[in-house]
Amino acid sequence: MTTSDIELSRTVLAEAVAARGFSPRGATLIRLGENALWRLASNVVVRIARPGQDEAAAREVAVARWVASAGVPTVEPLAIDQPVIASGRAATFWELLPPHEAGTETDLAGLLSQLHGLPLPTFPIGRLNPFVRIEERLAASRAVAEEDRAWLLNRLRELEGQWRDLPGGRAECVVHGDAWTGNCAVIKAPMRRAVLLDYERTSVGPPEWDLTSTAIAADTFGSLSTDRYRAYCDQYGYDVMDWPGYPTLRGIRELRLVTFALQVADFDPSARAEAENRVDCLRGRKGPRPWGWRAVG
C-alpha cells in the first residue's frame with residue numbers, strides 16, 4: 001500500500017460521498033486491499049470496489065438487505081440509492097457497527113446455519129464459482145517460478161474437473177462464499193450478538209463450500225484445535241470432513257490461498273517466503289498436513 005494508492009482511493013471517496021450528500025472531511029482509512037474501506041466522521045462505512053465490480057457491488061447490497069429482512073443478524077447497508085459509481089469504481093455505504101471483535105467458530109456456525117436454511121431470494125445472485133481470479137493471479141504473479149506456475153495451472157485444471165464431478169451432498173442453498181471468522185463480528189453491548197459481514201462472494205452453491213473454510217483452519221493451517229473444530233461442527237450439526245467431496249473443496253481452498261499469497265508477494269517482499277512455502281506444501285515438499293501456514297496481507 002503506497003501513499004499514491006491511498007490518495008487515489010481518497011479521491012474516489014470524495015466523489016462518491018459527495019454524490020449522496022456526505023462529507024469526506026475527517027474520513028479515516030480502515031483497510032486498503034482488493035477493496036478499500038473508509039470510515040466517515042458521520043459514522044458511515046464506505047466500501048470502494050475494484051474497477052469493473054458495479055454489478056457485484058449492487059448484488060452485495062441487495063443480498064445484505066435480503067439477509068436482514070430474513071432475520072439473520074447482519075451488517076446493513078444504508079437505506080439510500082446505491083451503489084454510487086465514482087471514477088469508474090462502485091462505492092457502497094454501510095452502517096458502522098458498534099464496538100466489536102471477531103467472532104468465534106461457533107458464532108460463525110450459528111450464522112451459517114441460519115443463512116443456509118433460507119429459501120432462495122427472488123432476485124438472481126448467480127452460482128458459486130470457486131475458481132474466480134485463480135488463473136489471473138497465476139498469470140500475473142512475478143513471485144512464482146515458471147515450473148511451479150505450470151504445476152499450479154495443472155492442479156487448477158485437475159480441480160476444475162473434480163468440481164464438475166462432485167459427489168452428492170447437502171442440498172444447494174445460498175452460501176456466504178467467504179465464511180471465515182473475520183467475516184463474523186461480535187457486538188458485546190448492550191447484549192452479545194454475532195453478525196455476518198461481506199457478501200461479495202454470496203451465491204447459490206453447496207453449503208459444504210462455506211464449511212470447508214473452517215475445516216482447513218484445522219486441517220491445513222493447524223491453527224484450530226480439535227476441540228474447537230468439534231464445537232464448530234456440533235453447533236452447525238455436520239462435519240464436512242466426513243463428506244467424500246471434502247478433499248476437492250479443500251484443494252480448491254488451498255489453491256486459492258496459495259495464489260493469494262503470490263499476489264501479496266508481488267507487492268510485499270516480506271510475504272514471498274510464505275508464498276513459496278505454500279507452493280512447496282502443495283507440491284509435497286513439506287510433508288503432510290497440517291502445514292502451519294501463517295497469515296499474509
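## Packing of helices α3 and α6

In this predicted model, helix α3 (residues 105-116) and helix α6 (residues 208-221) have axes that come within 11 Å and cross at roughly 175°. The axes are lines fitted to C-alpha atoms, for helices over the stretch in contact, and angles run from 0 to 180 degrees between N-to-C directions. α3 and α6 are therefore roughly antiparallel, the term for angles over 145 degrees. Helices here are DSSP runs (H or I, at least four residues), numbered from the N terminus.

On the α3 side, Glu105, Leu108, Leu112 and His116 make contact with Asp210, Leu211 and Thr214 of α6, where contact means heavy atoms within 4.5 Å. By class, this contact has three nonpolar, two polar and two charged residues. Ala, Val, Leu, Ile, Met, Phe, Trp, Tyr, Cys and Pro count as nonpolar, Asp, Glu, Lys and Arg as charged, and the others, Gly among them, as polar.

## Salt bridges

The model has 26 salt bridges, each a side-chain nitrogen of Lys or Arg within 4 Å of a carboxyl oxygen of Asp or Glu. A network of them links Arg47, Arg50, Glu60, Asp198, Glu200 and Arg201.

Arginine 230 pairs with aspartate 239 at 3.2 Å, N to O. Arginine 230 is partly exposed, with a relative accessible area of 39%, whereas aspartate 239 is buried at 10%. Buried means under 20% relative accessible area, exposed over 50%, and partly exposed in between (1.4 Å probe, protein chains only).

## Pairs involving helices α8 and α9

Glutamate 254 and arginine 289 form a salt bridge whose closest N and O atoms are 2.8 Å apart. Glutamate 254 belongs to helix α8 (residues 246-265) and arginine 289 to the segment after α9 (272-282), so this pair ties together parts 35 residues apart in sequence. Glutamate 254 is buried, at 1% relative accessibility, while arginine 289 is partly exposed at 31%.

Within α9, glutamate 276 and arginine 272 are four residues apart, so about one helical turn separates them. Their side chains meet in a salt bridge of 3.3 Å, N to O. Glutamate 276 is partly exposed, with a relative accessible area of 37%, and arginine 272 is also partly exposed, at 37%.

## Basis of the values

Residues are numbered from 1 along each chain as its sequence is written, and side-chain values use heavy atoms, with hydrogens and water left out. Local features need pLDDT of at least 70 and side-chain atom pairs count only at pLDDT 80 or more, while totals for chains, interfaces and linings use all residues.

How values were computed. Helix = DSSP H or I, 4+ residues; strand = E, 2+ residues; numbered from the N terminus. Parallel < 35°, antiparallel > 145°, perpendicular 65-115°, else oblique.
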